[in-house]
Amino acid sequence: RFRQLAAAKLCRLPGLTELLEWIDHNGIRKVAVTNAPRLNAEMMLKALKLDTWFEHLVIGTECTRAKPFPDPYLEGMRLVGATEAGRCVAFEDSP
């Protein structure tokens with residue numbers, strides 16, 4: 001039921017499209033990392049038409065430890081071959 005209701009009401013945060021376009025224009029690789037259940041995360045990305053913007057989707061609970069531990073971010077880095085955490089940026093949508 002949540003997925004049905006949410007899909008109709010989701011909207012992108014202001015500026016997100018422009019940010020993603022800038023990131024793509026500059027050849028920066030992107031991974032979506034979330035603690036949301038996989039079915040919810042996939043639905044949200046698809047509803048927001050973001051499912052093709054990210055190379056990978058990392059689900060926290062599918063890692064050894066979920067966020068706030070760094071494991072999901074480290075997995076995202078591994079998937080794109082990033083070796084220096086100091087050259088990576090995470091954007092969060094939760095306070």
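The model is predicted: local features need pLDDT of at least 70 and side-chain atom pairs count only at pLDDT 80 or more, while totals for chains, interfaces and linings use all residues. Residues are numbered from 1 along each chain as its sequence is written, and side-chain values use heavy atoms, with hydrogens and water left out.

## The nonpolar core

A nonpolar core is a set of buried Ala, Val, Leu, Ile, Met, Phe, Trp, Tyr and Cys residues joined through side-chain atoms within 4.5 Å. Buried means under 20% relative accessible area, exposed means over 50%, and partly exposed lies in between (1.4 Å probe, protein chains only). The largest nonpolar core has 10 residues in all: Leu-20, Ala-32, Ala-36, Ala-41, Leu-45, Leu-48, Leu-50, Trp-53, Leu-57 and Ile-59. At least two residues of this core come from helix H3 (38-47), and at least two from strand E2 (56-59). Helices (H or I, at least four residues) and strands (E, at least two) are DSSP runs, numbered from the N terminus.

Contact here means heavy atoms within 4.5 Å.

## Helices H1 and H3

Two packed helices are described by the angle between their axes and the distance between the axes. The axes of helix H1 (residues 2-9) and H3 come within 9 Å and cross at roughly 25 degrees. Axes are lines fitted to C-alpha atoms, for helices over the stretch in contact, and angles run from 0 to 180 degrees between N-to-C directions. H1 and H3 are therefore roughly parallel to each other. Angles under 35 degrees count as roughly parallel, over 145 as roughly antiparallel, 65 to 115 as roughly perpendicular and the rest as oblique.

Which residues of the two helices meet? Phe-2, Arg-3, Ala-6 and Ala-7 in H1 meet Leu-39, Asn-40, Met-43 and Ala-47 in H3. Within H3, the residues Asn-40, Ala-41, Met-43 and Leu-45 are buried. The cover over the buried residues of H3 includes H1, strand E1 (31-34) and E2.

Thr-34 belongs to strand E1. Leaving out residues up to four places away in sequence, Thr-34 touches Ala-41, Leu-57, Val-58, Ile-59, Gly-60 and Lys-67.

## Salt bridges

A salt bridge is a side-chain nitrogen of Lys or Arg within 4 Å of a carboxyl oxygen of Asp or Glu. The whole structure contains seven salt bridges.

| Asp-71 | Arg-65 | 3.0 Å |

Asp-71 lies in helix H4. Asp-71 is buried, with a relative accessible area of 15%, whereas Arg-65 is partly exposed at 38%. Neighbours within four places in sequence aside, Asp-71 is in contact with Cys-63, Thr-64 and Arg-65.

Glu-92 lies in the segment after helix H4 (71-80) and Lys-67 in the loop between E2 and H4, so the pair ties together parts that are 25 residues apart in sequence. Glu-92 counts as partly exposed, at 44% relative accessibility, and Lys-67 counts as buried, at 19%.

Glu-75 and Arg-78 both lie in helix H4, three residues apart, about one turn of the helix. Glu-75 is partly exposed, at 25% relative accessibility, while Arg-78 is exposed, at 52%. Elsewhere, a network of salt bridges links Arg-38, Glu-42 and Glu-62.

## Backbone features

Most residues other than glycine have a negative phi, and most peptide bonds are trans. Two places in this structure are described against that background.

Where is Lys-49 found? Lys-49 is in the loop between H3 and E2. Its phi is near 55 degrees, a positive value in a residue other than glycine. Lys-49 is exposed, with a relative accessible area of 60%.

The peptide bond joining Lys-67 and Pro-68 is cis, with omega about 20 degrees. Pro-68 is placed in the loop between E2 and H4.
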